Amino acid sequence: MKILVCISCVPDTTSKINFTNNNTEFDSSHVQYVINPNDEFGLTRAVWFKENDGAEIDVISVGLENTDQILRKALAIGADRGYRINQEPTDSYQVAKLLSNHILKYNYDLVIAGRESIDYNGGMVPGIIAEILHLNYVTNCVDLKINENRAKIKREIEGGIETLSCKLPLIIGAQKGLVEESDLKIPNMRGIMQARSKPFEIIEDNKAETKTNTISFSKPDNHKEIKLISPNNLDELIDLLHNEAKVI
Amino acid sequence: MSILVYIESNENEIKKSSFELLSYAKELSKKLSLKVIALVINCSNISTLQEFGPDKILSINQTKLNLFNAQNYAELISNVSKSTDAKNIIISDSVNCKYLASLLSVKIDAALISNVVSIPSSISPFIVKRSTFSNKAFCDIKINSDIKILSISKNSFGVNKNKSEPIIENIEKDFIESGIVYESVELSSGSVSIEDADIVVSAGRGMKGPENWNIIEDLAKTLNAATACSKPVSDLGWRPHSEHVGQTGKPVSTNLYIAIGISGAIQHLAGVSSSKVKVVINTDPEAPFFKVADYGIVGDAFDVVPKLNEKLKAFQAENN
Ligand SMILES: Cc1cc2nc3c(=O)[nH]c(=O)nc-3n(C[C@H](O)[C@H](O)[C@H](O)COP(=O)(O)OP(=O)(O)OC[C@H]3O[C@@H](n4cnc5c(N)ncnc54)[C@H](O)[C@@H]3O)c2cc1C
Ligand SMILES: Nc1ncnc2c1ncn2[C@@H]1O[C@H](COP(=O)(O)O)[C@@H](O)[C@H]1O
């Protein structure tokens, strides 16, 4: 089985989000970049398929040079081959088209992406790829089993879990639950050493259009003062929630 | 040309979020001078939609559509948007809508903007605000495509009544078999889902252990609220993963969010901060959650929560 894991390189969850250049650009100074958490769950599941079923894992990211460290980390965790499409990601269509161009060339049985990236939060890239390439697509995946040529998938829905099945090739949107948090792989010394000699290719491809442009950023308004209520005066809280906030 | 609104339902009941979508579409229709068409699948109570101003309702009743299948639903909306010449499609940001929207966008060659939080600030060029960086920021997006799908963040626009007398038309559609086979579903019984709840009662590590959750569940029951938790609580197995909210869990955008024994770490706040009203109950006055909440109680949850529950019950008895 050949697996491709799509990795988005995102600011660490503790990052302060600031903008520069008159609020038109993300301020990346002092920001630590990490593998998008949803993609990390997907990558760990891929490594499980490698260890148990002998799957081969490629990892790919659309991004500039600063993305390389993230792909190296993925190689250290257990991926076999890395690819970087050398373009600045500008919108989901461009990213999805570039990834589709690659997938079309390599015939993967399984493509794993994240449910959403924690920076853009689009939740769009895997679905667009699926429709461009006519692949079966299931997102919000919390369990994935593969037997021969068939996948059985559990998907989180509002108020429950549904079970679906389909033939490969398949593209999924991974999220927490696909593997346990405690099973997430951390690169060890041996993995880091091995990663240095694994194949890593930089792809030049600019054949993708964008449908949107981000023109400026803003931050939420500063919050108004909190009202503190004494634990001995809970009637006041109920009164405020009822008459002022009008939520009960 | 028209604005098409996909009205989502749950077990043949129209979801409340649809009223917000129609309110949004109505406002947009004034800017664009277009009619609003509502597309409803397998719902009986479509007359409730009249309160929110659609010019036309397209109603489909087909047993094949009883189970949600993203591929079939996307195909259907694509057909309808073509036959109604809809250049603007309005959908919710629910899990299922996000799933089908990306497929739909390719089928109709549209730009899809998710997490939209307000009406476009400009029509030509078309510019709309969306939330980004897990609610830590917003961005203005310029859409370069003639056809657009806007997925609206829950509770970001609000509901406005606007009575109309829509034409109601029944339609039928054929489908190609989808490659995805539906096998089964397990619903967590009896509880309100986080996505649909108007009120969410959420608790953290301050609760000390799973055996203490009864006071949280009692409060949620009184308020007809969903229960949620912080990440460590689900990691420790005190509560199911489906209750984990925050940047790496479920997003919460509800009317009232009550945080009990939750410190308010940046990743937690990122996922819940778009809720309208936030109440914090915490023993530590320095807990970061106090910086973002509307109302706060510095106090012990084990003392405050049961008392609050009793007082709420008394309040409800009086007001009913
Ligand atoms: C990559 C990454 C992603 C993450 N994603 C998320 C996420 O999506 N969601 C999330 O929630 N977290 C997330 N976290 C974890 C986050 O950083 C915090 O560790 C977590 O939110 C803390 O949970 P807590 O508030 O329940 O626990 P604590 O931080 O331990 O806080 C417990 C609080 O309870 C209070 N307390 C104690 N006793 C009482 C009492 N008797 N009555 C009232 N209050 C009391 C304490 O004063 C304290 O403020 C993430 C972390 C990382 C690294
Ligand atoms: N620049 C990128 N390179 C590779 N994969 C990406 C990129 N951006 C997004 N993805 C994948 O698409 C998923 C959803 O991203 P998004 O649509 O931006 O929320 C991510 O979890 C990744 O798996």
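The legends below describe close-up views of a predicted model.

**View 1. Strand β14 of chain B and its parallel neighbour β13(B).** Strand β14 of chain B spans residues 226-229, and both of its faces are covered. B:Ala226 and B:Ala228 lie on one side, B:Thr227 and B:Cys229 on the other, and all four are buried. Strand β13 of chain B (residues 199-203) runs parallel to β14(B) and is joined to it by four bridges. Within this pairing, B:Val201 stands opposite B:Thr227. Between β13(B) and β14(B) the chain passes through helix α4 (residues 214-223) of chain B, in a right-handed β-α-β crossover.

**View 2. The salt bridge between B:Glu217 and B:Arg239.** The two side chains meet at 3.1 Å, N to O. B:Glu217 belongs to helix α4 of chain B, whereas B:Arg239 sits in the loop between α5 and β15 of chain B, so the contact ties together parts that are 22 residues apart in sequence. B:Glu217 is partly exposed, at 37% relative accessible area. B:Arg239, at 13%, is buried.

**View 3. The salt bridge between B:Glu195 and B:Lys250.** The closest N and O atoms of the pair are 3.4 Å apart. B:Glu195 lies in the loop between β12 (181-187) and β13 of chain B, and B:Lys250 in the loop between α5 (231-235) and β15 (256-260) of chain B; the pair therefore ties together parts that are 55 residues apart in sequence. B:Glu195 counts as buried, with 17% relative accessibility. B:Lys250 is also buried, with a relative accessible area of 11%.

**View 4. The salt bridge between B:Glu169 and B:Lys56.** The side chains of B:Glu169 and B:Lys56 come to 3.3 Å, N to O. Each partner is in a strand: B:Glu169 in β11 (residues 167-171) of chain B and B:Lys56 in β5 (residues 56-60) of chain B, so parts that are 113 residues apart in sequence are tied together. B:Glu169 is partly exposed, with a relative accessible area of 34%. B:Lys56 is partly exposed as well, at 24%.

**View 5. A network of salt bridges with residues from chains A and B.** The linked residues are A:Glu158, B:Glu8, B:Lys15 and B:Asp196. Side chains of opposite charge can pair when their charged atoms come close. Over all chains, the structure holds 35 salt bridges.

Terms used
Residues are numbered from 1 along each chain as its sequence is written. Chains are lettered from A and ligands numbered from 1 in the order in which they are written. This is a predicted model: local features need pLDDT of at least 70, side-chain atom pairs count only at pLDDT 80 or more; totals for chains, interfaces and linings use all residues. Side-chain values use heavy atoms; hydrogens and water are left out. Buried means under 20% relative accessible area, exposed over 50%, partly exposed in between (1.4 Å probe, protein chains only). Helices (H or I, at least four residues) and strands (E, at least two) are DSSP runs, numbered from the N terminus. Two strands pair if DSSP finds at least two bridges between them. A crossover is right-handed if, with the strands pointing away from the viewer, the path from the first strand over the helix to the second runs clockwise. A salt bridge is a side-chain nitrogen of Lys or Arg within 4 Å of a carboxyl oxygen of Asp or Glu.
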